[in-house]
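Subject: Structure handover

Hello,

Here is the structure for your files. My notes come after it.

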Amino acid sequence: MYARASKILNNRFAKVGVALAPALGLVGAASASADNAIPPWYPWEHRARFTSYDHGSMRRGWQVYKEVCAACHPLERICYRHLIGITHTAEQAKIEAKNVLIDDIDDQGNNIQRPGRLTDGVPNPYPNENAGRAANNGAYPPDLSLMAKARDGGADYIFALLCGYGREIPAGMTLLPGQHFNPWFGGGAIGMPQPIYDDHVQYEDGTPATIPQMAKDISEFLTWCGEPHADTKKMWFFQALGALTVMSLVTTWATRYTWNVVKTAKYTYKGPGPRPYD
Ligand code: HEC
């Protein structure tokens with residue numbers, strides 16, 4: 001019986017394997033033949049099991065976004081209030097918001113621009129996608145809020161992409177006007193000019209603003225934008241684990257306590273008693 005069941009199962013698995021192997025092979029072949037380099041795996045602070053995001057780095061990353069990327073890229077899912085307790089204090093976040101102008105309509109119905117508030121989203125650099133394309137040779141700078149989730153490799157990819165400029169163009173490759181060579185971008189020709197240079201920003205904590213440093217900081221910040229609750233989830237995991245351990249000890253003890261009487265009882269059979277008519 002057992003032998004038969006295992007034979008059937010083995011056959012089933014063999015069939016699934018036969019179906020899956022070429023499929024996986026094709027996926028592998030497709031990614032291997034992609035016309036871009038695969039970004040290396042970097043040991044990000046937030047990747048380890050017991051660490052949170054690197055908040056100092058994220059604060060610098062916000063500065064890079066604000067001073068460099070915000071000229072072209074929207075970050076529409078982030079509001080100024082989201083920065084509180086993450087990269088800025090409430091007072092600092094209010095000042096960050098106040099420093100930008102938000103399109104609004106006043107009580108007379110006129111279009112106005114007013115200083116931002118904590119509840120405002122980060123303003124979009126362009127009125128719409130067409131305006132964005134028109135300003136960038138037809139290539140639209142995508143919203144960066146979920147960029148770390150949207151691309152294979154996440155932070156690894158963004159970091160590699162930002163550090164990947166200035167390389168020699170491979171022989172036989174021709175770039176259209178407005179295109180730049182970057183081996184990490186699909187096809188190798190990207191519409192984004194090199195966005196960061198050494199000392200492009202001046203960090204308030206005195207960190208030297210090299211290209212890899214800025215690329216790391218913005219990648220860390222964008223990873224948080226894509227998954228803002230990752231730290232909380234990590235913390236909850238350990239709290240839940242602690243609570244479950246205590247609960248399992250208590251239930252084990254309670255079960256043993258309750259069943260103790262039954263489990264330690266001794267039952268003996270004394271045989272039939274004297275028959276009444278004897
Ligand atoms: C001068 C405008 C400009 C600036 C400044 C700029 N970008 Fe871009 N970016 C673009 C354009 C245009 C594209 C679209 C490229 C394409 O599709 O060929 C793009 C695309 C991207 C992409 C997506 C690549 C992909 O896989 O589709 C990422 C990520 C990115 N930019 C990150 C950044 C970061 C981070 C900064 C700030 C350090 C930045 N960009 C600054 C114009 C800009």
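Predicted model: local features only at pLDDT ≥ 70, side-chain atom pairs only at ≥ 80, totals over all residues.

Residues are numbered from 1 along each chain as its sequence is written.

Helix 7 (residues 211–226) has 16 residues and spans 22 Å from first to last C-alpha, close to the 22 Å expected at 1.5 Å a residue (1.5 Å times one less than the number of residues). Helices are DSSP runs of H or I with at least four residues, numbered from the N terminus. Twelve of the 16 residues of helix 7 are buried (20 or more other C-beta atoms within 10 Å of the residue's own, C-beta atoms being placed from the backbone). Helix 2, helix 5 (147–150) and helix 6 are among what covers them.

Helix 2 (residues 55–67) packs on helix 7 at about 100°, with the axes 7 Å apart; axes are lines fitted to C-alpha atoms over the stretch in contact, and angles run from 0 to 180 degrees between N-to-C directions. The two helices are therefore roughly perpendicular (65 to 115 degrees). Residues in contact (C-beta atoms within 7 Å) include Trp62 and Tyr65 in helix 2, and Phe221 and Trp224 in helix 7.

The ligand has 23 residues around it, of which Cys69, Cys72, Gly191, Met192 and Pro195 come nearest (near: C-beta atom, placed from the backbone, within 6 Å). Helix 6 (residues 155–163) gives the most to this shell, with three residues.

Regards

Note on methods: Parallel < 35°, antiparallel > 145°, perpendicular 65-115°, else oblique. Contact = placed C-beta atoms within 7 Å.
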